Structures are given as C-alpha cells and as structure tokens.
Amino acid sequence: MRAGKSARGMSSSLWEALSRALFWPVILMILGAGLSGCNETPPLQELQQVERIEKTLWKMGAKEFAPEAYLHYQEKFEAARENFSREQAKWSVIQRYEKIREHLVALSSEGEDLLRSVSSKRNETREKALQEVTSVEAIAEQTRERSAKLFVTASARKKAVQAELLLAQAHRAFTEGHYLSAHEQAKQARLLLEPAEREIDATLDRYKDRKNLIRWRRWVEETLAWSRRNAAPVMIVRKAERTLTLYQGDHAIKVYPINLGFNGLNEKRSVGDGATPEGIYRVILKKNLGETKYHRALLINYPNERDRSRYRRAKQLGGLIEVHGGRNEGLEETLGCIALDNDEMDDLFHRVSTGTPIAIVGTTNDLTSTDVAL
Amino acid sequence: MTLTAWILAILAFGGCAKAPTSDIESTQKAVEATRAAGSAEYLPTEDKALSDKLNAALQEIKTQNEKMAPFRNYDQAQKMLADVRQQAGQLQTATTQKKEEAKQQAVAAQSAASQSVQKAKDLLAQAPKGKGTEADLAALRADADALGESMQTVQQAIEKGDYRGAISKATPIKEKADSISAQVEQAIEKVKAAEAAKSKKGKKKK
C-alpha cells in the first residue's frame, strides 16, 4: 500500500510539471489570437487593385498586344498573392505586411504602365489595320472599275474575287476589334490583287510608251500621205480615244465613235484574244445589207505581212476583222472588230471603197493619260 | 488542470483538417470540361471569371496549407470549390448552347451562299450568247467559279468547328454571288431589249 501511494505521488508530480510547462505556451497562443487585431492590417486593398489591373489588361487584349509582358505580370501577381497567403498563414503576432504592401504598390504601378503600353499598342495596331484595309479597298475598287473596262485573264480575275472576299472578312474582323487579323487579311488581299493590277498596268503602259507613240504616228502619217497622193479618203482608228476618223488628205472629214474588242486596247496576237489589231490595213471586201448580221461591214486584210512576221510563233493569228455596225444594238464590245452605230456605218460605207487604207493605232496624242484609254 | 485535459483542449481547438484533394480534382476537371466545350471562345468573360474564381479557391487552400496543422480550416475553400463547380456546370451548358446556335447560323449561311452561287451559275448557263455579251459572261463565269471554289473554305471551317469563321466567309460569298446574278439579269435584259429593237426595225422596213 505504501508503494502504491509512492507511485501515485511520483506520477502526479510529473503531470504537474508537464502541465506547468505547457500552460504558458497555450496561454500565449490564445493571447496571440486575441491580439491579432492589434497587428498591421493585411494589404487587401492593394491586392485587389493589382487584381483589377490584371483583369483590365486581359479585357484590353494584353495577351494579344503584349503577350510576354502580360505573362510576366501575371507571374508576378501570382507570386505576390502567394507571399500574401504565406504571411496570412503565420501566427498573427508575427505577421508583417510592410514589404508585401510595398511590393503590391510597385506591382500596381507597373500594371498601370503596362496598361498604357497595351492601350498604345492596341491603338497603333488599330490604326495600321485601318490604313491597310482602307488602302487595299481603294486598290480593289480601282481594279474593279478598270477590269470592267479592260480585259483581265480568268486566273487574275479569280484572285481578284478571292481578294474581295478576304477584304470583306477583314472589314468584319476590324469591326469586331480583331485588328491583327484584319491587318493580316487585308495584306493577303493586296497580294491577290497584284496579278490583275499587273495585267491592267501592262495594257495601259503601252499607251505611255514613247516607242509605241512614235510608231503609231508614223503609221498615221504614212496613211495620210497615201490619201494626199491618191486624193482619196482614208480611215484612222485611235483605240484609246475610241474613234474612227475619216480623212481626206490632212483634213478630218468626220469622227465616228466606236466600240472595240473586249480586249481591244491590247494588240491582237492570236485568235480569240479579243484584241483589236494595230497596223496599216486595207478594205478587202464590202458587205452590204443582208450580207452580214452586223448591218453593214468592211472586211480588212488582217493579218497582214507585218502581223505574220511579228507573231510567227502564234499558232493562229485569227482573222475576219471588220469595221461593222451594231454598236447601237447592244454591241458594247466585239471579239476584236470595230463597231459603229448603224446609221454611222451607213455614212462610212458609202464614203470608202475596196482598197481604202485604214490605220489602227493606240493613240497619237502623247498627252493621253491612261484615263482616256479607260 | 491535468495534462490530458490540456492535450484534449488543443486537439479540440485545432482539429486535424486535411486539404480537400478530391474536391480540388473534381473542380479542376469541371473547369477543363468547360474549356473543352469552347468557353474561352464563346463566353470569354465568363471563362475568365471562372478561372479567377478557381485560382482564388486554390489560393485559399495554399493559405490553409501554410498554417500549422491544428489551425488549418478548409471549410471556406470547400465552399469556394463547390461554387466553382456549380458555375463551371452552368458555363458549360451555356457554352454548348452558344456553340450550337453558332453552328446552326454557320450552316444556314453556308446554305444561303451555296444557293446564291448556284443561282448565279444557272443564270450564266441560260444567258444568251452573243458577240456583245460573250466576254462579259465569260468574266462573270470566272467570278462564279471562284466563288464556288471559295465555298470549300466555308465547309472546312464548319468541319473544324470554327463556326464564326464559316459565317464570315459565307456572307461575302453570298453577296458577291447575288451581285453576279444581278449583272447577268441586267445583261439578259439588255440583249432582249436590243433584239426587240432589231425586230421592231425589221417590221418597220417591211
């Protein structure tokens, strides 16, 4: 019984010692929890401000306009949030938010700078896209107008259509605020318009080429010289001006408006190309009423020797080029012939004969701008 | 107070809370499912809000993880995760609906464009061939062919699930095709008028 009493006494002392040892730490923990209200306030407002900036950056498209800087900012924001959480997790008595607050304020300032930078880049991108779309639309409009009057090959035409479709998409993208896409689509449309533009320019450049002008003037002079020598009328066709002028010597008797082939402004090189030939020809046959479906017609000797020697490699040069009526019957363009109104054709038909020369030239006017040709 | 009582008090005070890992996994799966449905494309603002809420919930869990074990409490985190799962479900439904609407609109736009292109081609086939119209009609035929080829890009966009892209391609195709049809109809009218004038002249002469 004495041993039992002694053992109980030892155990009791041990418990008392342990209780004393643990008493103060527990009291301090409770006090600490109670004293947390006396410590520095966590920088929640600063954290929310950084969060707001991050959301605004996302809305403004920072991922698109400043992807690296935005990612970097997001990483810094995440790190700041983790530091904040770590500090929050500490015993309130030892929480310290000074450095975290400073860091958040700096991050907020950095975010404002990035916002300004993104806004500026966005505006810059918008301006560039607007310029490109507007510029390409102007080219497309010009191409549309010019290819309505000038011949463009099917493949160039196809690309021009694709360009139009892309431009419409670029417009839509721009309206929806997708400036980078709009810019890119407009750029692609510009490339697709180039083949048509090149073909049109090649046609029109002939009319700016001095060598051509000299040659055409020489042909006109030769033909007028024949008229002077033979005291007989001759015809001069000026394709750019779309006129056929009847001359007697150097004197212009009458000017007739004409329509040409669908590719009339170019020089004829092969069958079916729709071009109206250039050179000095003669009337070889007169077709009266009932002898042609185009009212009256004057068949000329195309291809002549010059055509044959120049286009030796062409498989077929074509033929049956006439000056005929039908222009006033909806014949807006021919397959290469020269069309007059029926009453004008009546007038011309009685003034010329088989053998009458006809010079077909681009123009004789060196002030002719390509607008005249169009 | 005995030591046992102190230890029991501490345990009752602190608990042995564990991070809700299964909740975290199921929530992340719910958000991924929403993304896979296309929420970023069709409802980007809501997608971003959901992403931010998930990050906030995960941050709350991290905060609790940093604390000493007896003081961890994941109740708030679990509420936040539950909220995210609910919103993810709603967003997925809304996204699926929007996507389906966009698909229907894309298919309708494709059909309308296809019909317009076919109409243009049919008119071109019927258009009277004549010296004065041949070149114009040949040009318009080339245009209609280009539109027909472009219809393939619409189909490709639909197959890829890019419904908005499909609509943006189909709409200008339809507009261009309608323009071609109008031009062909004009050309046909012109030819008819010219033929009428010709036959009137012929009758007069007689």
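# Reading a predicted two-chain model

Reader: Why is A:Gln88 counted as partly exposed?

Author: The model is predicted, and the label comes from a neighbour count. A:Gln88 has 19 C-beta neighbours inside 10 Å. Buried needs 20 or more, and exposed needs 12 or fewer. The count of 19 falls in between, so A:Gln88 is partly exposed.

Reader: Where is A:Gln88 found, and what does A:Gln88 touch?

Author: A:Gln88 is in helix H4 of chain A. Leaving out residues up to four places away in sequence, A:Gln88 touches A:Pro42 and B:Thr63.

Reader: What makes those two residues contacts of A:Gln88?

Author: The test is distance: C-beta atoms, placed from the backbone, must lie within 7 Å. A:Pro42 and B:Thr63 both count as touching A:Gln88, so both pairs meet that cut-off.

Reader: How far is A:Gln88 from A:Arg282?

Author: The two are 104 Å apart in space, C-alpha to C-alpha. Along the sequence they are 194 residues apart.

Reader: Why is H4(A) called roughly antiparallel to H5(A)?

Author: H4(A) and helix H5 (residues 98-149) of chain A pack at an angle of about 160°, with axes 11 Å apart. Angles over 145 degrees count as roughly antiparallel. The angle passes that cut-off, so H4(A) is roughly antiparallel to H5(A). The crossing is left-handed.

Reader: Which residues meet there?

Author: From H4(A), they include A:Tyr73, A:Phe77 and A:Phe84. From H5(A), they include A:Leu104, A:Leu107 and A:Leu114. By class, this contact has nine nonpolar, three polar and three charged residues.

Reader: What of H6(A) and H7(A): why roughly antiparallel?

Author: H6(A) and helix H7 (residues 179-205) of chain A pack at an angle of about 160°. Their axes are 8 Å apart. The cut-off is over 145 degrees, so H6(A) and H7(A) are roughly antiparallel. H6(A) passes H7(A) in a left-handed crossing. The contact has 16 nonpolar, six polar and three charged residues.

Reader: How many residues of chain A are in contact with chain B?

Author: 31 residues of chain A are in contact with 31 residues of chain B. On the chain A side, helix H1 (2-35), helix H4 (67-89) and helix H6 (154-175) each give two or more residues. H6(A) gives the largest share, 10 residues. The side of chain A that touches chain B divides into 13 nonpolar, eight polar and 10 charged residues.

Reader: Turn to chain B. What is its secondary structure?

Author: Chain B has seven helices and zero strands. Of its 206 residues, 31% count as buried. Among contacts between residues at least 6 apart in sequence, 79% join residues at least 24 apart.

Reader: How is chain B divided into domains?

Author: Domain 1 is 21-99, and domain 2 is 102-194. Their C-alpha centres lie 48 Å apart.

Reader: Why is H2(B) called roughly antiparallel to H4(B)?

Author: The axes of helix H2 (residues 21-37) and helix H4 (residues 44-66) of chain B cross at roughly 165°. They come within 11 Å. Over 145 degrees is roughly antiparallel, so H2(B) and H4(B) qualify. Their crossing is left-handed. B:Ile24, B:Thr27, B:Val31 and B:Thr34 in H2(B) meet B:Leu50, B:Leu54 and B:Ile61 in H4(B). Five of these residues are nonpolar, two are polar and none is charged.

Reader: Back to chain A. Is A:Ala231 buried or exposed, and why?

Author: A:Ala231 has 8 C-beta neighbours inside 10 Å. Exposed means 12 or fewer, so A:Ala231 is exposed. A:Ala231 is in the loop between helix H8 (210-230) and strand S1 (233-238). Its phi is near 45°, a positive value in a residue other than glycine.

Reader: Why is A:Arg242 partly exposed?

Author: A:Arg242 has 17 other C-beta atoms within 10 Å. A:Arg242 lies in the loop between S1 and strand S2 (243-248) of chain A. Phi of A:Arg242 is near 55°, also positive.

Reader: Which peptide bond is cis?

Author: A cis bond joins A:Tyr302 and A:Pro303, with omega about 0°. A:Pro303 lies in the loop between strand S5 (297-300) and helix H9 (305-310) of chain A.

Methods. Residues are numbered from 1 along each chain as its sequence is written. Chains are lettered from A and ligands numbered from 1 in the order in which they are written. This is a predicted model: local features need pLDDT of at least 70, side-chain atom pairs count only at pLDDT 80 or more; totals for chains, interfaces and linings use all residues. Domain bounds come from an automatic or database domain assignment. Helices (H or I, at least four residues) and strands (E, at least two) are DSSP runs, numbered from the N terminus. Ala, Val, Leu, Ile, Met, Phe, Trp, Tyr, Cys and Pro count as nonpolar, Asp, Glu, Lys and Arg as charged, and the others, Gly among them, as polar. Axes are lines fitted to C-alpha atoms, for helices over the stretch in contact, and angles run from 0 to 180 degrees between N-to-C directions. Angles under 35 degrees count as roughly parallel, over 145 as roughly antiparallel, 65 to 115 as roughly perpendicular and the rest as oblique. A crossing is left-handed if the near helix is turned anticlockwise from the far one by less than a right angle, and right-handed if clockwise.
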